[in-house]
Amino acid sequence: MPATNSNNATWYILRYATDFAPRPVSPVDPAPPQFVPSSAPTLYYDDTRNVLELLPVKAAQELPPPPGLAIDIDGEIYRVVPSTQQLLVRRCNGCETPLLCEPGILRSPYGLALDRRGFLYVADPGLARVVVILPDDASSVAILTTELREPVDVAVAPGGKIYIADRTAGRIVIYDAAFRQTGSFVPQDANLLPATPRPVAVMIDSDGSVLVADASYPRLLRFSVQGSPLGDVNLSTLVKPLEALGISLDNPLSLLAGPTGRFVAGACRPPFAADDGAVLLAQIHRYLRLLLLKLNHSFQTQGVVLTTVFDSRAPGTMWHKVVVDASLPPDTWITVETSTAENVTDLVSQLAGPLAGADLTWNAPKGVGGPATFTKLVPDQLVQSPPGRYLRMRITLGSNGSATPSLRWLKVYYPRVSYLDLLPKVYQRDPDSALFLQHFLALFERVFTGVEDRYEEFSRWLNPKAAPLEIIDWLGLLVDLTFDPSWSLARRRMLVSEAMELYRHRGTVAGLKRYIEIYTGVVPVILEAFLSRPAQPAMVGLGNSFLGGSFSLSASSAEFSPARALSNAYASRFTVLVYADDECEAKTLLPVVNRIVTVNKPAHTIHTLRAIYPDAQVGVRSTVGLDYVIGGGTASFTKIGGKPKAGQPNLGASVLGVDSVLGNLRPQYARPVTQEL
């Protein structure tokens, strides 16, 4: 995909799976199918993280399950001693004693977890089951055995779902809070890695997703609550924030800090909010697993990619530079070799063998230096190949096997941008000196172009239609806007784009409607009470006033006259009707809409919110005679009550309001008609 930078240099970018692996022939390929990209089988592209990496290999020794350890929110610590297969509990007073269970209940306890009800879950691979224990008296509450072969770990989600890691079966088995088996899934990512799953640890992430550690996979696998792959995550990424907070296994009670800085209640800790209990238990369990895990890191040592051929569309093009965006852990590297030619067919002769296989070697042009190596400090390199219209690259990812480079994208720029062109021609008289000076000035060009690119990037950020989420939030602060977490990116962009117009109409009915529409996606109805206010208080016996009909009785007051009471009931009051699909959506919408109205309405007004659901509400969702018909069919053969008769469906039993209609309308309707415009 070509684009240009601030120096008007054009660049191609490689960043998707089809840029690194064989793909269907495309019109952009100069000479298909010879020039489609090809990669070695030691590489794979992770679609969930959008990176090219070396393929993980099975370690010589499998990662064992972490020893059982669980901490309750009252400060009590439960742990398993693998050597003696004992289950111990340490109370808040520091006394540690064995948890004596019923005879024969446990054979080889391992993984532990606690739930909000105070139950202790013990994974017992020796008996192929998970035992649920009440710690107060060590009595067994339930035994989970369905679909289990070697359960080594267990985790409980805040909502009550139970996830069990079965190492031998290679599955995560799911139970509900009532101890009923509700499903299972194979812990593999979108690329079906690891090939043979061996889950040894399971935990619940802060967003409710499920994290799984495999015995031979170098990263944590992440899944939805149903088991759909969500992408891998590096263990160090999750552990570093814990270390920064001072959380460690040396001080177990440090794990009891809540997500908002609160502490849990009990004999050992100060009080905490009751709703945090289940969340904190899942958080403590996750912290323990992350601190106990030491994932295997074993990868292929080399992987090669031959890219497609890039066309500059100009003979004699001096290709500029290659820029790499990659994560390069210690003992990993990326090199890039380039080859150019005036005729696309000349690149065929440079290939030393077939495109498939681990080698993917080629005969690079003579007189060109070796492969250009990229590091964290040197993310770009000048193209050393001679001028030529076409260019092809050979990308090598290397490692000593302990880690893998992660290539996010690669750019190749053309034509050569050099500050030498801005100097007098005398500096280009000697070819060798000109080449040296060109390379020397490239150091300054890289720095200055980076600054110019940042200016252009900042200009793009100021456009709400293109800015990323974090920049949108920052732009919102500039116009005094803050967003509830439920605001989507598209709605945030729309609100920031229309902020000035909304401020211009702030406090008006039109302004409130538009603000709420941006958030909900539906235009609300705002009913101003003064529009329905009677001209004067109703007097019994005068005019067309009927008790219970045109007016109702209200409490009298010596302080207010009837006219004053009427004004208080209708003046400066309005109702906002918010459309929602169901009560669940209303619980999310109404608090945010209430905040929107409170901040933007006139200060002296009083408002009321009302959720409107997609059902028949006369005067709100539907209007009788307009978009809602009562009795839209004939009932000439309808019989209320009775039993159905064989062969005579119209003469059977009927239910008023369901399949029976009172009244006569057009005979072609056989049943009531309900329609919403």
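1. Helices α6 and α7. In this predicted model, helix α6 (residues 469-478) and helix α7 (residues 489-497) have axes that come within 10 Å and cross at roughly 35°. The crossing in which α6 passes α7 is left-handed. On the side of α6, the contact is made by Leu-469, Ile-472, Asp-473, Leu-475 and Gly-476, and on the side of α7 by Leu-489, Arg-492, Arg-493 and Val-496. Sorted by class, the residues of this contact are 5 nonpolar, 1 polar and 3 charged.

2. Cis peptide bonds. The peptide bond from Leu-193 to Pro-194 is cis, and its omega is near -5°. Pro-194 belongs to the loop that runs between β17 (181-185) and β18 (199-204). The peptide bond from Tyr-414 to Pro-415 is also cis, with omega near -15°. Pro-415 is located in the loop between β28 (406-414) and α5 (431-461).

3. Positive phi at Ala-138. Although Ala-138 is not a glycine, its phi is positive, at about 60°. The residue occupies the loop between β12 (129-134) and β13 (139-144). Is Ala-138 buried or exposed? Ala-138 has a relative accessible area of 5%; because buried means under 20%, Ala-138 is classed as buried.

4. Positive phi at Glu-147. Glu-147, a residue other than glycine, likewise has a positive phi, with a value near 65°. Its place is the loop between β13 and β14 (151-156). Glu-147 has a relative accessibility of 43% and therefore counts as partly exposed.

5. Surroundings of His-607. Strand β31 (residues 606-612) contains His-607. The relative accessibility of His-607 is 15%, so this residue counts as buried. Which residues does His-607 touch, not counting residues up to four places away in sequence? They are Phe-574, Asn-594, Val-597, Thr-598 and Lys-601. With Asn-594, the side chain of His-607 makes a polar contact of 2.8 Å. With the side chain of Lys-601, the side chain of His-607 makes a polar contact of 2.9 Å.

6. Salt bridges, and the pair Asp-115 and Arg-117. Side chains of opposite charge can pair when their charged atoms come close. In this model, the count of salt bridges comes to 21. One of them joins the side chains of Asp-115 and Arg-117, with an N to O distance of 3.1 Å. Asp-115 counts as buried, at 5% relative accessibility, whereas Arg-117 counts as partly exposed, at 38%.

7. The pair Arg-219 and Asp-232. A salt bridge links Arg-219 with Asp-232, and their closest N and O atoms are 3.5 Å apart. Arg-219 lies in the loop between β19 (210-214) and β20 (221-223), while Asp-232 lies in the loop between β20 and α2 (235-244), so this pair ties together parts that are 13 residues apart in sequence. Arg-219 counts as buried at 2% relative accessibility, and Asp-232 counts as buried at 8%. The pair also belongs to a network of salt bridges that links Asp-46, Arg-49, Glu-53, Arg-219 and Asp-232.

8. The pair Asp-325 and Arg-408. Asp-325 and Arg-408 form a salt bridge in which the closest N and O atoms are 3.2 Å apart. Why does the pair tie together parts that are 83 residues apart in sequence? The reason is that Asp-325 lies in strand β23 (residues 321-327) and Arg-408 in strand β28. Asp-325 counts as partly exposed, with 22% relative accessibility, and Arg-408 counts as partly exposed, with 32%.

Technical notes: Residues are numbered from 1 along each chain as its sequence is written. This is a predicted model: local features need pLDDT of at least 70, side-chain atom pairs count only at pLDDT 80 or more; totals for chains, interfaces and linings use all residues. Side-chain values use heavy atoms; hydrogens and water are left out. Axes are lines fitted to C-alpha atoms, for helices over the stretch in contact, and angles run from 0 to 180 degrees between N-to-C directions. Helices (H or I, at least four residues) and strands (E, at least two) are DSSP runs, numbered from the N terminus. A crossing is left-handed if the near helix is turned anticlockwise from the far one by less than a right angle, and right-handed if clockwise. Contact means heavy atoms within 4.5 Å. Ala, Val, Leu, Ile, Met, Phe, Trp, Tyr, Cys and Pro count as nonpolar, Asp, Glu, Lys and Arg as charged, and the others, Gly among them, as polar. Buried means under 20% relative accessible area, exposed over 50%, partly exposed in between (1.4 Å probe, protein chains only). A polar contact is a pair of N or O atoms within 3.5 Å; within protein, one must be able to donate a hydrogen and the other to accept it, and residues adjacent in sequence count only if both atoms are side-chain atoms. A salt bridge is a side-chain nitrogen of Lys or Arg within 4 Å of a carboxyl oxygen of Asp or Glu.
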